[in-house]
Amino acid sequence: MATNTTQKRPILVTGAAGDIGAVGRNLTANLLHNGHKVRALVRREDERAEVLRQLGAEVVQGDLTDLGSMHRAIDGCSRIYFGMSVSPAYLEATVNTAAVARHHGIEAFVNMSQMTVTQMSITETTDSPQHKLHWLAEQALTWSGLPVVTVRPTVFLEGFFLRLAAAGVKAKDELMVPLGNSKTSPISAVDVAEAVSAILDNPAPHIGKIYNLTGFESADLDHYAQAFSEALGRTIRYRNVPLDAWVEKLRELGVPAHLISHLAVMADLHTQGRYDRMTDDLFKLTGKTPTSMHDFVKLHSADFTRT
């Protein structure tokens, strides 16, 4: 339950405009529904910003790497959710936001990280520049002395299975992703937003903790193809496409090089079994079971069905 102090002072949500399935946008809606005031930070004024206003959020335009922007965004807020899409500026944005948050005496700073960081250290990294930035950002937040809560989800359902796989399912009845034969435990961004909402609602018991969030189950892609088949009422097969060809297709689509590098490493780590993880952290935070692949596909069936 929200405290009186929190009801008077807004919670800052970065990346609030987001895309479909984005944590920030779902989190904004959850916090508003629970009676919190929300200040939503957006990169630009567009129809997504207007939707946030219609939900009841105070919308502020700004840049996470800009000092003045973050003072305007953070001043007067009680708590912060920090999340940013894959970007070469990720570390700069984290440290800039943290420095301003410390200046304004923020009482809770919820940081959206990545599950892969769990297996990284001062001597262990990956080939993804983004993974390294996330690891360094976590170190910097620890050094900052801020009241930090770290959330590390595994791969998002909305990422690989909606944005990257929907076209193949729709056109060829194939789940075409380069994830090998290993198991993975994808989680919905909607579930992650609920977990973060629970933390921000009453952050005191969570300060200093790390939550590793996994999905409904850890299974291989043939299993998930069967879930697609049952949800859509037609046969969907998994095709493990060659990583090089997949990367080349992303280049043709104009995906930025930094993001391509990150996605390629994620795919390679999948084949190594690095995403075969299961925890009950989501249930501990929300009391809810993660969304299954079957239910996720049912919810987004229009995206996987030929018109």
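Predicted model: local features only at pLDDT ≥ 70, side-chain atom pairs only at ≥ 80, totals over all residues.
Contact here means heavy atoms within 4.5 Å.

Start with strand 5, residues 108-112. With 5 of its 5 residues buried, this strand is largely enclosed by the rest of the structure. Both of its faces are covered: Ala108, Val110 and Met112 sit buried on one side, while Phe109 and Asn111 are buried on the other.

Strand 5 also has partners. Strand 4 (residues 79-82) pairs with strand 5 in the parallel sense, over 4 bridges, and Tyr81 stands opposite Val110. To get from strand 4 to strand 5, the chain passes through helix 5 (residues 90-103), a β-α-β crossover that is right-handed. Strand 6 (residues 148-153) likewise runs parallel to strand 5, joined to it by 4 bridges, with Met112 opposite Val151. Here the chain goes from strand 5 to strand 6 by way of helix 6 (residues 129-144), and this β-α-β crossover is right-handed too.

Now for helix 11, residues 243-252, where Trp246, Val247 and Leu250 are buried. Viewed down the axis of helix 11, the buried residues fall within an arc of 100 degrees, so they line one face of the helix. Covering those buried residues are elements that include helix 7 (157-163), strand 7 (174-176) and helix 12 (257-271). The face turned away from the buried side carries Asp244, Arg251 and Glu252, which are exposed. After helix 11 comes Gly254, with a positive phi near 85 degrees.

Methods:
Residues numbered from 1 in each chain as written. Heavy atoms only, no water. Buried < 20%, exposed > 50% of the residue type's maximum accessible area, 1.4 Å probe, protein only. Helix = DSSP H or I, 4+ residues; strand = E, 2+ residues; numbered from the N terminus. Pairing = 2+ DSSP bridges. Right-handed = clockwise from strand over helix to strand, strands pointing away. Arc of directions from axis to C-beta.
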